[in-house]
Amino acid sequence: MNQATSLPLAAIDMGSNSFRLEIGQLKGGRYQRLDSLKEVVRLGGGLDAHGMLQEEAAERGLQTLRHFRDRLAGFELGGLRAVATQTLREARNRDAFLLRACDVLGAPVEVISGREEARLIFVGVAQLQPSALPRLVIDIGGRSTELVLGCGRTPGEAESFQVGSVSLSQRYFAEGLLTKAAFEAARVAAQAEFEEAETSFEPHMWQEALGSSGTAGAVSLMLVNHGITDGRITPSALNWCIERCVDAGHIDRLQLRGLRDDRRPVIAGGLSILAALMSEFGIKDIAPAKGALRQGVIVDLHERQQSASGEAPDLRDASVAGLQRQFHCDLAQARRVHDVAMALHRDIAADASAEERRELAWACALHEVGRCVSHHDFHRHSAYLIGHVDAAGFSQSQQRRIAELVLAQRGGLKKVEASLARRSFARQALCLRLAAIRCHARRDSEAPRLRMDPVNATRHNLRWEPGDLPADPRTLHLLREEIAQWGQQGHFTLTLKA
């Protein structure tokens, strides 16, 4: 094991209700928590009716990240991964917030899809609470609820629903009033969200149901403190909680042992979602789970590091291969483009990170997925599919980067002008475009290989290797047009050596 994989790892879960920092380590297959920190941010409560994250909520989030950065300063880490969930999936101005968050942390923040969130939650639960039983894992967040089936350490069917404890509480319990009618309306609204997935999570598909993180943990603790159950959430125990709320009449008068002040404003929405889940999916009891998203992120990061060092496969490679099959890609052409692009990238980007190289490789593998839609403007279809498909292991942020790189593979450069300001992207785009030109005939041949000699950061000489073999005149024509394209853009000056 190398030094990077032996050091502690850190995960930041930027949820809609709370932000959580976890520092942990995997040794011999066992997870050890070294430190953790949680702060209630209510980021989800800061989305206005137009889907814009308000400055007050944004500043709460940034201040929490500053606290996390200060806590992290005391550790020598092998890696840090920060992930954001439903609120930033929804926020129309999320990119501006993510830039500020990156500046605060000194590390990127990735927005993950709902299904990827569900997968990572299952990974965390499976690590901290292993079992051979098929299980249903439930996570009720501030603005979304995730369900995932799985067995052992392998997640299966997963889904994310846009209903959470914060959003439902704001809608049905905004004034703090706790009435029977409000609980019924909130339960029906939540059930309407879950209904379309009823057949995907039927009771015969799992033998135990586990509730991960916030709401389930809070309700379980209340039930234990009042002696209602041993911590398991059952329909009758849930009804007892709702009746206590209705008896109190207002959130300020609610007295339930174990209910923390930070959970109080959103408990009604959480109870309503639990009631909807148990009714819709025939759940008889939910046990509290030990693991959650943040542990899943650390396990996933650990596995990525093992993959980078050759100790284990990378889930993202399997996802890419699956997408190639799903969209009937020409695997031979993908391989040709990959081989040329990666050789060119090695020529001009010796300082590139492993992730920069991998993103280029994935873009090469998937650059033609859009041909399943139409051969006309297939690069635009490819970019759309890559940016929107569910791909296990990938964050939405990374998928968008790869999608934009695929968009840049042909045609004018103006459409990706903003991204070309990033040196890593410009190098990747140049190599992908040149590889697509070199392989335009779609056949293997003994023709000379295209190579690049860097003169400086922005000037490169194109040449053939070996130089005594004649280049195809059609390829030369396309290369000259490409050289002119980059010359107009101003990012690279290319010279074709005869």
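Author: Let's start with a term: contact means heavy atoms within 4.5 Å. This is a predicted model, where local features need pLDDT of at least 70 and side-chain atom pairs count only at pLDDT 80 or more, while totals for chains, interfaces and linings use all residues. Residues are numbered from 1 along each chain as its sequence is written, and side-chain values use heavy atoms, with hydrogens and water left out.

Reader: What makes helix α6 and helix α10 roughly perpendicular?

Author: Helix α6 (residues 165-172) and helix α10 (residues 267-281) pack at about 110°, with their axes 7 Å apart. Angles from 65 to 115 degrees count as roughly perpendicular, so α6 and α10 get that name. On the α6 side, the contact is made by Ser-165, Leu-168 and Ser-169.

Reader: How many of the residues in that contact of α6 with α10 are nonpolar, polar or charged?

Author: Three are nonpolar, five are polar and none is charged. Gly goes with the polar ones here.

Reader: Why do you say that β11 and β12 pair?

Author: Two strands pair if DSSP finds at least two bridges between them. Six bridges join strand β11 (residues 449-454) to strand β12 (residues 459-465), and these run antiparallel, so they pass that cut-off. A hairpin through four residues joins β11 to β12.

Reader: And which way do β12 and β13 pair, parallel or antiparallel?

Author: β12 and strand β13 (residues 493-496) pair in the parallel sense, over four bridges. His-460 stands opposite Leu-494 in β13.

How values were computed
Axes are lines fitted to C-alpha atoms, for helices over the stretch in contact, and angles run from 0 to 180 degrees between N-to-C directions. Helices (H or I, at least four residues) and strands (E, at least two) are DSSP runs, numbered from the N terminus. Angles under 35 degrees count as roughly parallel, over 145 as roughly antiparallel, 65 to 115 as roughly perpendicular and the rest as oblique.
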